[in-house]
Amino acid sequence: MIKEAFGKGVAILEGLGTVFKHVFEKPVTVQFPEEFKPFAERFKGRHELKRYENGLEKCIGCALCAAACPADAIWVEAEENTDEERYSPGERYAKTYEINMLRCIFCGYCEDACPTEAIVLEKHYELSFTDRRDAIYTKEMLLVPPPEGQEDTPRKVEPGSFDRSIPVMEDPK
Amino acid sequence: MTHILLRELDIPDIGKMEVYLANGGYDGLKKALSDHQPDDVINIVRESGLRGRGGAGFPAGVKWSFVPKDVFPKYVCVNADESEPGTFKDRQLMENNPHQLIEGALICAYAIQASAVYIYIRGEYWDIADHLDRKIAEARKKGFIGKNILKSGWDCEVYTHRGAGAYICGEETALLESLEGKRGQPRLRPPFPASEGLYAKPTVINNVETLSNVPYILVNGADAYREIGEGDSPGTKIFCLSGCVNKPGNYELPFGGETTFRKLIFEMGGGIPDGKQIKAILPAGASAAILPATDEVLDTPIVYGAFRAWGTDIGSASVIVLDEMVDIAWAAKKMINFFSHESCGQCTPCREGTYWLSRLYKRMDSGQADAGDIQTMDAVAAQMEGKCICALGEFAVNPVRATIKHFPEDYERAVGNGRLSRR
Amino acid sequence: MADTVKITIDDIEHEVPAGMNLIDAAKLCGVDIPVFCYHPKLGHDGNCRMCLVELGLPRKNRETGEMELAWFPKLETACTQKTCEGMAIRTTTERVTDARRAVLEFLLSSHPLDCPICDKGGECPLQNLTMAHGPGTSRMYWEDRMHLGKHVALGELIFLDQERCIHCARCIRFQEKIALDPVLGFDMRGRKQQIVTSSTPGFNSIFSGNTTDICPVGALTTADFRFNARPWEMVQVATICSHCPVGCNMSFDTRTDRLAGGRTTIRRVMPRQNEAVNEIWICDKGRFARHYMEHEERLTTPLVRKGGMLVEATWEEAIREVAAQLKAAGPNIGAVAGGRLSNEDLYALQKLIRGQGSGDLSAYLPNATGGEIAARFGVGVGTNLKYLGAGDAIVVVASDLHEEAPIWWLRAAAAARRGAELIVISGRETRLDVEASQSIRCAYGAEVATLNAMLGSLPKTAVKAGESLDGMAEAIVHAKEFTADAALKAAAKTIAGAGNAVIFVGSEGLTGEASRELAQASANLLAATGHVGRANNGLIIVWPSANGQGAADMGFDPGFGPGYQPVDKPGRSYGDIFAALADDVIKVLVIAGADPVYDDLTAEESIRKTKGFIVVQEMFLTETAKLADVVLPVQSAAECEGTYTSGERRVQRFYPAVEPLGESLPAWLITQRIGEVLGQGAPSVSAAVLLAEIGRNVPQYAGITCQTLAKVEEQFPDVGGEDLYYGGTSFQNVRGLGVQWPTLAEQVDAPLSVAPAQAGEVLEPADGEMIVVPVTLVYDTEALFFKTQLLHQRVPLPHIGLNPADAGRLDMVDGDLVSLTIDDHRVAAAAYLDERVPSGVVTIPRRLQTQGAPLFATTAPVVKLEKVEA
């Protein structure tokens, strides 16, 4: 009987021991949204449309991302650049660029497909919507702001300053 | 030796009609018309073993015999678009001994029963074209050209036509296209010109030098002609000697026997200037593969096919001598730039390959090339080989592959160094 | 089947037709030999060197005397070989694959690799073949590439990207061999070689768009597809061209468009293969004129005239109004229907009008008639102009095919080049005369007499085939009254001796009655010489619109009911309808898909004068619609479905491609809703149901259903398949080849008869007058077509054609402003001196003048107004 009571006492102490051990351990949870967990190197979050250092858009509106997308989440419509209204260094830019974040499965195929490294899955993941329509991210929402000191697109450029059909892969001057 | 072709060396005014006639001129034509049926003429030329002097060395009589008998009209085209770098033999023949060419062409025309002879002259020879026109007028006045020639009942006209300065128009089918007023681009074969040539009618195309041999054969007979020269290569050949020699010029020598590059360069050409050593020989301008000037090469009797072991032939025999100061990669660059400039652009390997090679040589010249680029050059040239429509693309391979094979040290020196030049 | 030979491909023996191109033969055997420059329609050129194979031919061994296979030392181009017994090729050896890799490396060495933005990217033969046979990388330094012009305009329709061009010369060869407009060529040589145009304006050919289809790279692109969509994003919807009676099979390539508010829009028009109709070609009008369909001026709601103004109304209101007017008018109603309407639209409309007891139905333009003659003596089932060649005859009478039916022109010219006798009989020289073996000029109005004279000139033995036909004896007796000169006799002899003979019956300078007689004269000639009732023989009427044949079939002909069934009382003809309208005898006139006010001065006068009620079914507020009392907006051919019947009597189906614009409805539905109010029964559920009803009531259409129209057969050469080598982007036909309905002549024991063709009067102009002949141009200012801005540059300025001799007599020079007074109307236009216009004749291009012109040939004094300073 005593032996039995003793045994139970040990078990309780053992249990408490586990509890106290964890009291002093570093917690695994973080204080979201004040705190963020560190991102894995290859974390794939919400997309961004990148720019060159000179502020021109990298996207050329080729729609290969849309073609690669297994969830059919991307919609691209292209237009032609003019020297009056230039968005990207080549002949063509994306007039419409939309990603339906409800459809997106964040697989990163679009990033792989992109010939100009324009679309990149970044680290943002706080996506919440109250309306399905809000889940469609437009080009304005996806496009990063131009680098410090650079003019936004579209911009007027000297005729003949961009004569290649697609930009050369490194940042154009 | 008496000359068969460069007869002005023996008889100074042979270009004049009366001198030419006095020295047996137009006897060949007269003999052909009076003594022989057209087929007999073809047989005589075939028996003589006369080979085309334009470069390919195809037996002329055999070529004539391919012409169908029952299709009319037929044409003879004289290829006087002498544009291989280093050739200047046709020019001398047309300037100094034009009647022999006209006579030869007429005999050929009679043999295939052609109704017209077209002499396609390169545009730069405009003065020679004028000269020939005058000589043709002389011959017409004498009754050798026109209606009922020498009362034989056979009609034939002779015309000159000036090219517009394209190397490719020396290629026989491109020549025909150009003559028809189209873009000078080679045709696909078959059909061959012998069955569908000018205006889709049977046509014989021969080089100036080839046809200039014909009167001699008719007058003296096939056997007499065979006695000159050696074996499969009867007759004499005009060698256009140029480059690093003391006495460049045209030299007419019989095939085989004592005719070697050593005799040509050192005896006739007076050796290399400034006592330099001979390094290489381009036996047929830019088109044939380069020959390293070894003793074996220098002492080989020159006949068609003599240099097969070196992967080359004498072709049109425009011999360019290169001495020890010449950077062979520099010479190759010049040649490939020539081919790149002259490619007609019709078939892919030649159009793209010659351009690519010229860019690679440019890199080498500017010192940007690395060892891998020599391999690329060789590989690019190799993958052009055997894929082109005409010979231009195939010939463009030679300056690259043969020079890399025989003179790798010149290329290795150029890697990272650049500035290809004659040192 | 032609003779066959055995050839060995990759050690497997196949039996293939003898003398066939080796590439085509290999394809039949399931072996794809990659090509760039070769095209089955263009023949070989041998310039790309992509098709290199190892080739062996049987040769006699000189020593043993036995036949043995001798392999060529070099690789040979397969495209230049024709199949022969014992031929052997190897296509998979290392040498061959190395050669392909080498050629592709060469081609790509100068190619810009801007596939991501290239309009061809995704359907590009160069892309496909590079993936299949090419090297993974290039050894060429990127900076060594040649940079050339991008987006260089060859014309306003076609753009050239010089960097992408691989110099295959397909475009040049197409223009030279098929379009017969040799306006393209190469400039420079070697790597600097470029495509240039030699015409002014640039790329001046009405077939220019086809070069973009056959271009194996993205070098040639069209102006209206630039960055418009990626090929894989589009949905192809089968359609039929609605501009001329050829009935070219096309595809509308559609895609949803965010910028158009999420509507499906047509991104481009592509040919769809139908070897019996248009092969793989379409003309530029068919390709580029589509833009009217999405034009902002399209009508989207019904308009009803209130207080003298056309104001928007609801469908209920508009239909109630029309029905009330029709009811009140009783049988005093009529309809004029344009040939752009589908068979369903036309059937519904005639049913409505006939249901009210009127037979006043006219097709528009009313010049071409004779549908019932085509129904008896038209070309036989299975006719394909492609098969006409040496020993056959094609006659084109009173038509400028190049302008009226471009693809027929192209195919007739091709037949002539294959050796067919091409006989052109017309009042003036046309572009077809250049290809013709016999050109016969006759006075305008003397066409029937000419054909009669030809029939009359034939000896008894030559007309044996038609002897037994009812009325043939009388027809021949009648024909003998006409005298034939040597040229006509020769032409008649050619037709009589031809293996196959086809007559294209046009209507240039003819009235409706005269064109019916011309069709009869053609039928007599063909029937007499045995050229009816079988494939590749018979007549084809060159209708002035896409569905002229269908309109006649549906009973838009005063003499006939649907299917040429006899009617108790013939209706009024076109002229009589407008006369009756002017006199207020006709109280309601329905004008559907036609714009007579713009074309016809008399019609305009009648409509302005009448107190009657005018109902117009149209897409735009045309000149006619502006004068209407009710305008009902109809859907374009891209929005609804239906069928057209081509001039060769091939019923073909088009499918809805995009959402209807606004409240517009299919024309047949509008008509049937009106009929519903009038107690004619509920509207059909769909056009397909209506087609089934047509099949029950129009004997010729019996058995023609959506199912039969959708049937396809394998087409040769195979284009648009997986390989994409040949068609470029022309499409495989997967939605139906249509059904050609048989003529009476093809049916056994059919009651077939002919009748003498009555020659009309040849116009005799009085002193100071000339004959005015309206002619058709392919590009004009017609209400729909002219909405396409893209083609405006190709539309000539208003002009009249005048012979220089006449101009000299009238003291006029090119460009002078002249006026014609025609029946109290005055038409003014610049004079264009043209030697092809016969003396004593003035040609007026239809739908080009700033105001209406006569519909039929007439006489008028020519008065000079003033000189226009250049």
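**Figure 1. Buried residues of helix H15 in chain B of the predicted model.** Leu392(B), Gly393(B), Phe395(B), Ala396(B), Val397(B), Asn398(B), Pro399(B), Val400(B), Arg401(B), Ala402(B) and Thr403(B) are buried in H15(B), where a residue is called buried if 20 or more other C-beta atoms, placed from the backbone, lie within 10 Å of its own. These buried residues pack against strand E9 (278-286), helix H12 (328-342), helix H13 (348-365) and helix H14 (371-384) of chain B; helices (H or I, at least four residues) and strands (E, at least two) are DSSP runs, numbered from the N terminus. H15(B) itself covers residues 391-406, and its 16 residues reach 22 Å from the first C-alpha to the last, close to the 22 Å expected at 1.5 Å a residue, the expected span being 1.5 Å times one less than the number of residues. The model is predicted, with local features requiring pLDDT of at least 70 and side-chain atom pairs counted only at pLDDT 80 or more, whereas totals for chains, interfaces and linings use all residues. Residues are numbered from 1 along each chain as its sequence is written, while chains are lettered from A and ligands numbered from 1 in the order in which they are written.

**Figure 2. The contact between chain A and chain C.** Chain A contributes 18 residues and chain C contributes 13 residues, two residues being in contact if their C-beta atoms, placed from the backbone, lie within 7 Å. On the side of chain A that touches chain C, the elements giving two or more residues are helix H2 (64-68), strand E2 (74-80) and strand E3 (92-100) of chain A, and E2(A) gives the most, with five residues. By class, this side of chain A has nine nonpolar, three polar and six charged residues; Ala, Val, Leu, Ile, Met, Phe, Trp, Tyr, Cys and Pro count as nonpolar, Asp, Glu, Lys and Arg as charged, and the others, Gly among them, as polar.

**Figure 3. Domain 3 and domain 4 of chain C.** Domain 3 spans 371-541 and domain 4 spans 769-866, with bounds that come from an automatic or database domain assignment. The C-alpha centres of these two domains of chain C lie 28 Å apart, and their contact takes 13 residues from domain 3 and twelve residues from domain 4. The side of domain 3 that touches domain 4 has two nonpolar, four polar and seven charged residues.

**Figure 4. The elements of chain A.** Chain A holds four helices and five strands, which run α-β-α-β-β-α-β-β-α from the N terminus on. Its C-alpha atoms fill a box of roughly 100 × 35 × 30 Å, taken along the principal axes.

Conventions. Buried ≥ 20, exposed ≤ 12 C-beta atoms within 10 Å, placed from the backbone.
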